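Here are my notes on the model you sent. They are set out as numbered points, to be read with the structure open.

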Amino acid sequence: MRPKSHLALQDAALQKPTGLAEFLGELRKSKSVSGYHYIPARAPQTRPIPESLNSKIRQVLESRGIEALYSHQVQAYERAQSGGNVAIVTPTASGKTLCYNLPVWQRIMENPGARALYLYPTKALTYDQLDDLMDWSNALASLASDESAIGVYTYDGDTPQDARMAVREKGQIILSNPDMLHKAILPHHTKWARLFENLQFVILDELHTYRGVFGSHVANVFRRLARICEFYGSRPQFICTSATIANPQELAEKLTGQPFELIRESGAGESEKHLFFYNPPVVNAQLGIRRSYVKEAEHVATAFLKRNISTIVFANSRLITEILVRYLKESVERGPVPKDVVVGYRGGYLPNERRRIERGLRDGRIRGVVSTNALELGIDIGSLDVAVLAGYPGTVASTWQRMGRAGRRSGMSVAVLVASSTPLDQYIVNHPEYFIGQQPEMGLINPDNIHILISHLQCATFELPFAANELFGGHDVTEILEYLSERGFIHKAGTKWHWTSEAYPADTVSLRSISSDNFVVVETTNEARIIGEVDYSSAFSTLHEKAIYLHQGQQYYVHQLDVAERRAYVKQVDSDYFTDAITYTKVKVLENMSTIDAHNHGEVHVAHQVVGFKKIKFFTMENVGSGDLNLPTQEMHTTSYWLTIPREQFESLPFPPAERLNGLHGLAYALAQLSCVFLMCDRRDLGSAVDTGLEDRTFQPTIFIYDNYPGGIGLSRPLYEIREQVFAATAQLIRECACEDGCPSCVGPAAGAKEAALAVLALVKNGTLS
Amino acid sequence: MARFRKALLSLGAVSRKSATRDPEASERFLSSLPSLNDELSFLRSRPERRATQNATALSDPLPALPALPALPKGSVESTPYGSHYVVREAFPDDHFHGKVRLGRFSSANLERLMALMQETPCGSTHEQVVFLDTETTGMQGGTGMCPFLVGVGYFEGDEFQMVQYFIRDFDEEPAMLHSLGEFLKRFRLVITYNGAAFDVPLLETRFTLARQENPFAGLAHFDMLFPARRLWRNGHGSCRLAALERELLSFVRGNDDVPGAMIPRVYFDYLQRQYSRALNGVFKHNVHDVVSLAALTIHACDRVTSEPAPLDEPLDLYSLAHLLDDSSEWRRSIDLYEMAQAGDLPEPFRSKTLETLCVLYRRNGDLDRSYSMCTQLMAAEEFSLIGYEGAAIYFERSKGDPESALCVLEEGLRRLEHDAGRKRPRIILHARWQRLQQRVLKGIL
């Protein structure tokens, strides 16, 4: 089936592995490679260690062979010294931890009473940093005869109860995460009086992860932090580090409510990088069907693994991760590499399992890992040589982060992006120059999302009574306070609002989602045990009854989903298929806030229901069965962009009714994908739906592209504003697509879809819509 | 101002303030005021408020009522921080709380009880001791939990004085804390029930939040929960104050006392309507807590000083003996253990008693008694390391018969042979056996 010219994929090449350089040469010549980009090694820019730096810190630096600093490290140090808030944007492995450690150590050496709070987006990252910080702290202590080591402690859910007191009293540097700040530290701030009275630095690592819902929550946690610091009379400086995003300064400022200075010139050197853009070959030109990108990614990864080159494969969903683990285990089994050196890694694995995998990666026992975005951040997994991306991760920033995972320490690295057949992937893989030249995404947050704001106002009032004239994030929130008072949560006495509920509000608010529910997965094959967790929003599509739930490549059959108890009971099975949920979405306009021609922006109600599932066979991907489901509807109120097409004009299009509808659905599909490119957001952040108006003769056919979070996170308004660009690119994508009548890479394979979609677009472009 | 209005409306937040209320209906409601029990069961039936952003499903608040005499008789007191409400009550020296006469506190040996609990004595007279209990707006901890009623009790001579500091709304808290802080200055020791984990840190937090000096910094604190657990948990299970006062003090609360779990809701209801019949029950509950605490303290002092009777609950005797056995009064615990043993102890207390007695008798030089404990232990079904060790020590040291000691150890090791879970006893016995065998061999050679 596969044309012989695709040298890289010839099985003969796999069986008789050539060297890496030759293999890369072959890969470059392959017809499947639509683009290749070479990034030469870059020499580091260094500057001498600043004169003002404490001599002991200098000694420790020198004892580690650091005679000079990267330019961005010196800049960060100097700006922090002068009292400002600093945001540093540099690639992975550019020594960004020294950017914040130097000013913090310096301050603590000057004033041992000073305190610093380091926040990492995940617990795993915290532990990764802890060891390193301890080493430095001990090295500093060994130089000082009179002082003890700088007190470095982690504070999270795993900190034993009896150690917490010591952390509060002795911790000069406290490593934690925003969730802990939200749930345990702020609501008990009197126990942390010492920290808050002396808090001089707040370090926010991996700033770019604080986007969307999570970022909107964390911005509110910082509003609460600001109130508490004010109560104790401290004004901490912020230092943020971030992977490359388009608006680091704006994001930092929006998150913390403070002005920032930006450092974006990295002085660190970089190893050479080979980037390949790989488009799976077309197997059916008429339908535009390509080989499965999952299979191709496996194939590429296998080629590297069989040469015993350590490889990380990124997948975009848990399901694909598990499928890839399964495929890879089976294919390397036949090769020189024992199969247990390929593992999966994703959220939902229990912490111990994850730690074991991280260790295995560091010491090289594990040569191949398939991961979701869980390994995208700075967790130290040692040096991997190759990154294979199964599908475009959805954002430019994520793509660079994932590609950066290869070659942290080696002299050369390779990254291969294997495109799926979605329009988004096809757009990127066919326009690699767009990707290379593209600004990365913006970190968009909406701290004023009403759901999020209400939650945090409750927490804030719990922490300190809320004065009647007090602002929250610069807003007058009197109306919300009155609303909460009517609901009996708070009560006004004199000039202040007080918390009046037995509940502990932070417990019911999760920073990671708008609703805080999680389902636990209970395995009942032998003795019942919990094997993982799934959040509420995806539980219905992955844990419905009769679903095949995949965990570490092992399949589990869901025999019961207890919605009330948030539990799914599963049994180990060995099936040759997996399941894919079918969902039904209904959108209703609540309020139209702006309209120009056919384009609208406003508030909508979205009802989302998982109505059934398909059984799909492994490897062949054929549909081998289906089932109906009766699950509760998930509803939300959010903001949306929508396009309305006047009924008469739509019906006057010269196509049979079925093809017109195919065109409408196809257009929605392509539009949603390209909206992500231009909004620079993750595909999951946007929902799309089509209302054909069939049930109601007075209704106009409508395409909705909405913020996929209750209350909205601020994406649909920018979409409304940049609609012309998005429509132009959508038209270009569909027109230029090589397929004859619609394929998964443009409007989807449905009869007449391509022509009909282009006809609808023409209506929009010619302004004939009114 | 209008920034969030639209969004709030989307949550179904329609203001109720404008809703007109039928005055006659309010009258009818007043004339048919529910009884305390009805009111409590109504409050209980209201869905518990869970703080979530989707707070729209809550039931309506109760209708507002005109001001009524809502509080027990007391007075409003003024401070530089504003005013608050105080209720006082005196209990004469012959007042009995259950079976305990409160006036006896002056002769109770509190120092001894505290010494047994390894507390440093603070040299306070009985008039410098204050009993304290708070009623709060929640149990979950955190700075959003407010003590709205603080009850304190102390002795003037043998008369027990009860003072309750109450806030009629949250803005009275600074005044209340100020008065409480001033009041506490005359005492040296504060006694609470679970105050180490709850009341004291809570009040300290409130003083911090009000930016007032923390009075507890200069006060010794004794939490009666700890001795209560040591003395009575084995024999009674629950050590909740309400359980112990019933079983030990024979004190039964009337139905005018609001159960603890209901208290926050009663106070919230009072705040909303400035009236709550149940609130009187909260004051009552607080008085009962403080007086029971004082009476239980007297009872606990009695327990560690007066001679126990053989008819006492064997588990309580055991508990008392266990409290004494690592103090300077360990010799006294021997009789208590024997008395407990005579009263038929259940396992595992029986074996624990034999083991402790084996050690105590040996320490007391009563080696034959110690050995007789060992024989009982070795005969028991459950393996006892102390039994075998004790017997080996007995033969080796007091009988000068290392060979019998070796036999005992070998029997013990045989019993452990098939028990993979008992690694540690096996190692210990084996080490002793080896050492002894070396010595025996050396003796022979």
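1. In this predicted model, 71% of the contacts in chain A between residues at least 6 apart in sequence join residues at least 24 apart. Buried residues make up 51% of the 770 residues in chain A.

2. On overall dimensions, a compact globule with 770 residues would have a radius of gyration near 27 Å, and the 27 Å of chain A agrees with that. Along the principal axes, the C-alpha atoms of chain A fill a box of roughly 85 × 70 × 60 Å. The secondary structure of chain A comprises 25 helices and 34 strands.

3. One open sheet of chain A has seven strands, in the order β1-β11-β18-β17-β14-β16-β15, with mixed pairing. β1 and β15 (342-345) of chain A are at its edges with a single partner strand each, so one side of each has no neighbour in the sheet. The twist from one strand to the next averages 15°.

4. At the β15 end, β15(A) runs parallel to strand β16 (residues 368-371) of chain A, and four bridges join them. Y345(A) has S371(A) in β16(A) as its bridge partner. Helix α13 (residues 318-332) of chain A packs on this sheet, where it touches β14 (311-315), β15, β16 and β17 (386-390) of chain A. The direction of α13(A) makes about 175° with that of β15(A).

5. Is helix α16 (residues 423-430) of chain A largely enclosed or left open by the rest of the structure? It is largely enclosed, because seven of its eight residues are buried. Those buried in α16(A) are P423(A), L424(A), D425(A), Q426(A), Y427(A), I428(A) and V429(A). The cover over them includes three strands of chain A, β1 (33-39), β11 (272-278) and β18 (412-418). It also includes the helices α17 (432-437), α22 (657-679) and α24 (723-736) of chain A.

6. β26(A) and β27 (residues 554-562) of chain A run antiparallel and are joined by four bridges; here L550(A) is partnered by Q555(A).

7. β27(A) also pairs with β28(A), in the antiparallel sense and over seven bridges. In this pairing Y556(A) stands opposite Q572(A). The two strands form a hairpin with four residues between them, and R566(A) takes a positive phi near 60° there. Please look at that residue when you go through the model.

8. In chain B, the axes of helix α13 (residues 349-363) and helix α14 (residues 367-379) come within 7 Å and cross at roughly 155°. Angles over 145 degrees count as roughly antiparallel, so α13(B) is roughly antiparallel to α14(B). The contact involves residues of α13(B) including L354(B), L357(B), C358(B) and Y361(B), and residues of α14(B) including M373(B), C374(B) and L377(B). The crossing is left-handed.

Conventions
Residues are numbered from 1 along each chain as its sequence is written. Chains are lettered from A and ligands numbered from 1 in the order in which they are written. This is a predicted model: local features need pLDDT of at least 70, side-chain atom pairs count only at pLDDT 80 or more; totals for chains, interfaces and linings use all residues. The radius of gyration is taken over C-alpha atoms; the globule rule is 2.2 Å times the number of residues to the power 0.38. A residue is buried if 20 or more other C-beta atoms lie within 10 Å of its own, exposed if 12 or fewer, and partly exposed in between; C-beta atoms are placed from the backbone. Two residues are in contact if their C-beta atoms, placed from the backbone, lie within 7 Å. Two strands pair if DSSP finds at least two bridges between them. Axes are lines fitted to C-alpha atoms, for helices over the stretch in contact, and angles run from 0 to 180 degrees between N-to-C directions. Angles under 35 degrees count as roughly parallel, over 145 as roughly antiparallel, 65 to 115 as roughly perpendicular and the rest as oblique. A crossing is left-handed if the near helix is turned anticlockwise from the far one by less than a right angle, and right-handed if clockwise.
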